[in-house]
Amino acid sequence: MQQTQADNEVEEEHLLNFVVNSLGDELPIDLGENVEVSADELYEVLAGASAGGTSINHVCET
C-alpha cells in the first residue's frame, strides 16, 4: 500500500514532536525572561536543519 502525502506529513509531525520532546527532556534550556522564542522552537530549528542537511540559518530564513 502506498502512503499519501497527508500520511507522510502526519508522520513527519509526530517524529518532529518526538525529537523536540526528547531534546527537551535530555537538554533543558533556561532562556531567561526577555527571550522571544521557546526552547521547543529552538529544538525544531535544530532538528529541521539536521534532518534537512542544511544550516540553521537556512531553516530560520525559510
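Which residues make a nonpolar surface patch of about 280 Å²? That was my opening note, and I kept in mind that this is a predicted model.

**Entry 1: the patch**
I looked up the members and found I29, V35, V37 and L42. Is L42 buried, partly exposed or exposed? I read a relative accessible area of 35% for L42, so I noted this residue as partly exposed. A patch member needs over 30% relative accessible area, and L42, at 35%, therefore passes that cut-off.

**Entry 2: the chain as a whole**
Next I stepped back to see the fold. I counted three helices and zero strands in the secondary structure. Walking along the sequence, I wrote the pattern down as α-α-α. How much of the chain is buried? I found that buried residues make up 10% of the 62 residues. I also looked up the accessible surface of the chain, which comes to about 5200 Å². Carbon and sulfur atoms hold 51% of that surface.

**Entry 3: the largest pocket**
Then I went looking for pockets. How much space lies in the largest pocket? I noted about 170 Å³. Helices α1 (5-26) and α2 are the elements that give two or more residues to its lining. I listed the lining residues as E12, L15, L16, V19, A47, G48 and A51. Which helix gives the largest share of them? I found α1 there, with four residues.

**Entry 4: tying the notes together**
I came back to helix α2 at the end.

Note on methods:
Residues are numbered from 1 along each chain as its sequence is written. This is a predicted model: local features need pLDDT of at least 70, side-chain atom pairs count only at pLDDT 80 or more; totals for chains, interfaces and linings use all residues. Side-chain values use heavy atoms; hydrogens and water are left out. Patches are made of residues with over 30% relative accessible area and no salt bridge: like charges are joined within 9 Å, nonpolar side chains (Val, Leu, Ile, Met, Phe, Trp, Tyr) within 5 Å. Accessible areas come from the Shrake-Rupley method with a 1.4 Å probe; for residues, only the protein chains shown count as cover. A salt bridge is a side-chain nitrogen of Lys or Arg within 4 Å of a carboxyl oxygen of Asp or Glu. Buried means under 20% relative accessible area, exposed over 50%, partly exposed in between (1.4 Å probe, protein chains only). On a 1 Å grid over the protein atoms alone, a cavity is a set of points where a 1.4 Å probe fits but cannot get out, and a pocket is an open set with protein on both sides within 12 Å along at least five of seven lines; lining residues have an atom within 4 Å of a point. Grid points are joined across faces, edges and corners, and a volume is the space filled by probe spheres set on the points.
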